[in-house]
Amino acid sequence: MTRSDRPEAGEFSNEVWVLGEDRPCGEISSVTFELSAKARELSDALSSNTGERHRVTALLLIDSNKTNKSNRSKPQDAGYYGADRVLAAKAENLPFDRAACARILAHLAQESRPKIIIASATAFGRSVMPYAAALLGTGLTADCTGLSIEPGTNLLLQTRPAIGGNIMATIKTPNHMPQMATARPGTFSIPAPNPEKTAEVLYPDLPDGLFSAGVSTIKFDKFTRDERTLQDRNVIVSGGRGLRRAEGFELISALASLLDAGVGASRPVVEMKWIGYPHQVGLSGQVVSPKVYIAAGISGTVQHIAGMQTAGKIISINRDPEAQIFNVSDVAICGDLYEIIPKLIERIKAKRGRK
Amino acid sequence: MKIAIFLKQVPDTDEVKMDPERGTMIREGVGGIVNPLDLNALEAAMQIRAKGDSVTIISMGPQKAEESLREGLALGAGRAILATDRAFAGGDSWATAKVLASILGKIGAPDLIIAGEKATDGETGQVGPEIAALLGIPLATRVTRLERIPDGIEVDCTLEDGILTQRISLPCLVTVLSDINALPLPTLSGKKGAYAMKIETVTAESLGFGANETGLTASPTKVVKIDTPKITRSAEKFLAKRSDELDAGLDRIVEILSDCLVI
């Protein structure tokens, strides 16, 4: 199954693939649209460089037992964002049987021979893509923050942060196809949908041998609104050691609930069990990119900053005028958070009252 | 049941440098620790193991990675294997997975492989799933609860939007998050015992790899450029002890929040 020998260029088709995602409710996840738009850009660059038309295919792995109740988004919607074609593979136990997902991806990729496959660096993408890459005997670059086509070689340039975000490495997969990469959700912008543009939806036949014997899903307990992942939040309010005691998170939560924000935390306070691991922001926790990130009592270690530096606006509150976090902030208030945050809460309430 | 764990030795500081020529990390002169999630994986094995089960720890790295295996032995592992060879150096996740999978083939395929979800240095999280693919076995990632059931294991996987409970038959590979257990602490008797234990060594040749089949040359992905980006922003700074500055700062925050349509 592995292919280590260099393929002839002609062996591969003029296709750029997106491994899309659907949510447990049956709705198509926005990362599918984000990556379809990115794939469109890559495909257009390849078309203009080579003079040959390239096209974008989005693959969706859909649980055949589930119906799309939400009706908010459907497979063909990927067309509005740039996909020419949607392959909707339906089977039982998708997408939770990760090995089966990867075998389907590898099987379809061996049939269609795309040059590039991109996916989101979610729990799903980070499981299925490496499994599929190993089946296809090719390379994979994780957590890219930039993807582009190199003029001349027409290879995929994959840029990713390395060593705690201190350096950016640009990576190529020069001698293997397909070239595979994942990107963190929210890395690329989602364009306005173009309702004129529709995608053809195909339902491929899948051979029986693709499914893992012995994987059964017992249940999926969806998090409540309060347990929502930090990555889905527009605003995150985070606390660190500067809170000085676990109860400090009550103040952080008060501000967060006023803003319908998620509550984040730095690694040390999670390690001290002031708050649970799902709240940890940073390389060893969650990497987030909200519109506004408020860091209170967080000094700003490299590992924390790498987890939030792409936020739209960063506001920090810290007693230490030399705190590293100030260097990556748009607004920095030097002082005691126990004095500042209650005043900020008052100010927000007053502003709401005036409306 | 035969259980296998991978222990990666990672640098214990944030001070790692890259070799700009080769695009790989310079590990010489930097102290090493066991990748913390790999210790969670080992602890999970210790908790799940029953009488008669074996726990084998495997590491790939320079000779110095022996320290990590010694630590794993002190924590209760019964057998340790070190894959060390210049020919393994600079390998990407695929080249690494190939070597580790071949070791598993050589020692007899384990029933359960537990891996840390990712390492703190490379941070790809790809080696575990790639090994599962090479062995053709089921995979569960981000496991935060692992229990033995009559014909396999039951796991909770903490995903972005909820908790997935699955039953998986053996053999299989799971990757764990730190929430699964508390990091184990070695005992004095464990440490003493570990020093008497043998660490087996394997090389590219003993695993049957030819020249250019491992390491940097066999890696499909190549680092072609390294940049050190500036991530600074120029903050508007306000000193809270001056009440006029505090007022201005709070106004600025409220303005940002309303611009983003949050309030």
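Guide: A:Pro178 sits in the loop between strand 8 and strand 9 (179–183) of chain A. Here helices (H or I, at least four residues) and strands (E, at least two) are DSSP runs, numbered from the N terminus. The peptide bond leading from A:Met177 into A:Pro178 is cis, with an omega near -10°. Most peptide bonds are trans, and most residues other than glycine have a negative phi.

A word on what you are viewing: this is a predicted model, in which local features need a pLDDT of at least 70 and side-chain atom pairs count only at pLDDT 80 or more, while totals for chains, interfaces and linings use all residues. Residues are numbered from 1 along each chain as its sequence is written, and chains are lettered from A and ligands numbered from 1 in the order in which they are written.

The contact between the chains takes 82 residues from chain A and 68 from chain B, where two residues are in contact if their C-beta atoms, placed from the backbone, lie within 7 Å. Chain A's side of it has 41 nonpolar, 25 polar and 16 charged residues. For these classes, Ala, Val, Leu, Ile, Met, Phe, Trp, Tyr, Cys and Pro count as nonpolar, Asp, Glu, Lys and Arg as charged, and the others, Gly among them, as polar.

Over in chain B there is a cis peptide bond too: it joins B:Leu170 and B:Pro171, with omega about 0°. B:Pro171 lies in the loop between strand 11 (162–169) and strand 12 (172–176) of chain B. Chain B holds six helices and 15 strands.

Let's return to chain A and its layout. It is divided into domain 1 (9–210) and domain 2 (225–354), bounds that come from an automatic or database domain assignment. The C-alpha centres of these domains lie 33 Å apart, and their contact takes seven residues from domain 1 of chain A and nine from domain 2 of chain A. The domain 1 side has two nonpolar, four polar and one charged residues.

Further along chain A comes helix 4 (residues 248–258), whose buried residues are A:Gly248, A:Ile252, A:Leu255 and A:Ala256. They fall within an arc of 100° when seen down the helix axis, so they line one face of helix 4 of chain A; the arc is that of the directions from the helix axis to the C-beta atoms. On the other side of helix 4, A:Glu250 and A:Ser257 are exposed. A residue is buried if 20 or more other C-beta atoms lie within 10 Å of its own, exposed if 12 or fewer, and partly exposed in between, with C-beta atoms placed from the backbone. The cover over the buried residues includes strand 12 (235–239), strand 13 (262–265), strand 14 (292–296) and helix 7 (337–354) of chain A.

Just after helix 4 of chain A, A:Asp260 takes a positive phi of about 50°. A:Asp260 is exposed, with 12 other C-beta atoms within 10 Å.

Strand 14 of chain A, part of that cover, pairs in the parallel sense with strand 15 of chain A over five bridges. A:Ile294 stands opposite A:Ile315 in strand 15. Strand 15 (residues 313–318) of chain A is mostly covered, with five of its six residues buried. Four bridges also join strand 15 to strand 16 (residues 331–334) of chain A, and these two run parallel. There, A:Asn318 stands opposite A:Cys334.

How confident is the prediction for chain A? Its average pLDDT is 89, and 92% of its residues score at least 70; pLDDT is the predictor's confidence in each residue, from 0 to 100. Over residues 1–9 of chain A, the pLDDT is below 50.

Conventions
Pairing = 2+ DSSP bridges.
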